[in-house]
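This report describes how two parts of one chain meet. Look at the structure first, then read on.

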Amino acid sequence: MERNKWKRPSNIDKFRKMNELSVEHLLGIKYLTAEDISLIFKMADNFKKIINQPIKKVPSLRDITVANLFFENSTRTKLSFELAEKRLSADVVNFSSAASSVKKGETLIDTVNNIIAMKVDMVVVRHPNPGASVFLSRNIDAKIVNAGDGTHEHPTQALLDAYSIREKYGEVKGKKVVIIGDILHSRVALSNIYCLQKLGAEVSVCGPSTLMPKYISTLGVKHINNLKDALNWCDIANVLRIQLERQDVKYFPSLREYAMVFGINKEILSGLNKEITIMHPGPINRGVELTSDVADSGQAIILNQVENGVAIRMAVLYLLAGKVKKNGE
Amino acid sequence: MKAEKVIINKEKFNIIIERLSYQLIENHANFENAVLIGIQPRGIHFCNRIYTKLSSIVSNKDIKVGDLDITFYRDDFRRRDDPLEPQAIDINFSIEGKNVVLIDDVLYTGRSVRAAMDALLAFGRPKSVELLVLVDRRFSRHLPIQPNYVGKKVDAISTEKIIVEWKETNGKDQVILINSEK
């Protein structure tokens, strides 16, 4: 007698796509679809509830080991990833290049291969070279999460920025977002542009012309020169840090002059005819791009961004971990 | 041949909910120190029915009721073919020291209930945990878990599938047994 198992409904494939990312690694927002982003947001909603419970830990990733490889300094992102991993019960190993054999001349791929040989399933990597995470994903058998690669992309930051907008306004679609500051050296800017556009928002940039990349118009982004015009146009201003450490030549005369022309203070904000939302990926240079009274005001959702960062990273890690092969496969 | 058999019809459905409610009252009196927790996604309809019925009987008009999602506590993450979709958790009270009644529609392997007990601990240490199910599929447990309150016991083999339909989602209250054996 032939036994048949219960048949799955024929529309199950549709459901499967809805519950799974279309990518194997999170290398950049460029590679994600709008559906992927909404799936991550939906997952993050669940995780946000969990991190507000009395016990903030779930056992989902207890058989997964994650390596955090930070070849560049970071406080927020590293802590945020580590918390997200620990709240999912993953085993975590940390690595920072300052105290490692990288200083002895080891190559990136050797370093990572050695870590993978210790049976690591997922790698969170930050590296000063653009494309480092893409390179790793092609050469290494582990799920890669890009935590910032040079001036290229910083996908989880863009996701949490868009998630914070969605949380405050209900949806991202149709919102006007201006990104202010050093667009040329900013991975946050590029990832944010991709992410917001995929979700149907309008994006402009504002900053000194010397800090605008040549390709900016090909991304469908408007460049507004004057800060006041930009703020009057937008619903949300995402203010970036001036990254002096990435600037090899002088792009503007002095920080003081930058603060005078592009710094946001209370007077400028109260002169607008509407209340806009201020975002900042951190760390803030107080008195340069934002004055303290703006950064600490109710209009700023900077700390909400940090809180949402953990939920977004839990969602990303959970969804990618679902694609890690289990033992014996 | 694909056979469908209704094992609980609409009339029986209401009788069962009524009986289970009175059984709960027998043990928990006025529900001062007891809470109802429905397991997402399919236990919550049953939980709401029991809650509505209880509220119409006992004098306590503030019975605590919550929805629990167990997705992240399951033991089959990465072992399933189809990824699970998490549902909302809605428990806005502490279960510390409370008598918790977990509610689900069908008790089969017992794994969901194990995950639910795990998930419950995130909301405090309950005084006791009881299990109420609409359908108990006997002889198919993978874990030593037994219900305290049962709507109907059913003996079903593994090729059979029990489907609970709710007025809210399917337009009709009934439980059917499908045999897909050829």
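Two residues are said to be in contact when heavy atoms of theirs lie within 4.5 Å. The model shown here is a predicted one. Chain A is divided into domain 1 (18-154 + 308-321) and domain 2 (156-306). By the contact rule, 30 residues of domain 1 of chain A touch 28 residues of domain 2 of chain A. Taken over C-alpha atoms, the centres of these two domains are 25 Å apart.

The size of an interface is often given as the accessible area lost when the parts come together. Between domain 1 and domain 2 of chain A, about 2,500 Å² is buried, and carbon and sulfur atoms give 58% of this area. Of the area that domain 1 buries against domain 2, A:Phe41, A:His154 and A:Asn308 supply 27%, more than any other three residues.

Polar and charged groups also meet across the boundary. The count of salt bridges between the two domains is three. A:Glu72 forms a salt bridge with A:Arg187, with 3.0 Å between the closest N and O atoms. Across the interface, 21 residue pairs are in polar contact.

Helix 2 (34-50), helix 3 (76-87), strand 4 (143-149) and helix 12 (302-321) of chain A each supply at least two residues of the side of domain 1 that touches domain 2. Helix 2 of chain A gives the most, with seven residues. The table sorts the residues on this side of domain 1 by class.

| Class on the side of domain 1 of chain A that touches domain 2 of chain A | Count |
|---|---|
| nonpolar | 14 residues |
| polar | seven residues |

Key. Residues are numbered from 1 along each chain as its sequence is written. Chains are lettered from A and ligands numbered from 1 in the order in which they are written. This is a predicted model: local features need pLDDT of at least 70, side-chain atom pairs count only at pLDDT 80 or more; totals for chains, interfaces and linings use all residues. Side-chain values use heavy atoms; hydrogens and water are left out. Domain bounds come from an automatic or database domain assignment. Buried area is the accessible area (1.4 Å probe) that two parts lose on being put together, summed over both. A salt bridge is a side-chain nitrogen of Lys or Arg within 4 Å of a carboxyl oxygen of Asp or Glu. A polar contact is a pair of N or O atoms within 3.5 Å; within protein, one must be able to donate a hydrogen and the other to accept it, and residues adjacent in sequence count only if both atoms are side-chain atoms. Helices (H or I, at least four residues) and strands (E, at least two) are DSSP runs, numbered from the N terminus. Ala, Val, Leu, Ile, Met, Phe, Trp, Tyr, Cys and Pro count as nonpolar, Asp, Glu, Lys and Arg as charged, and the others, Gly among them, as polar.
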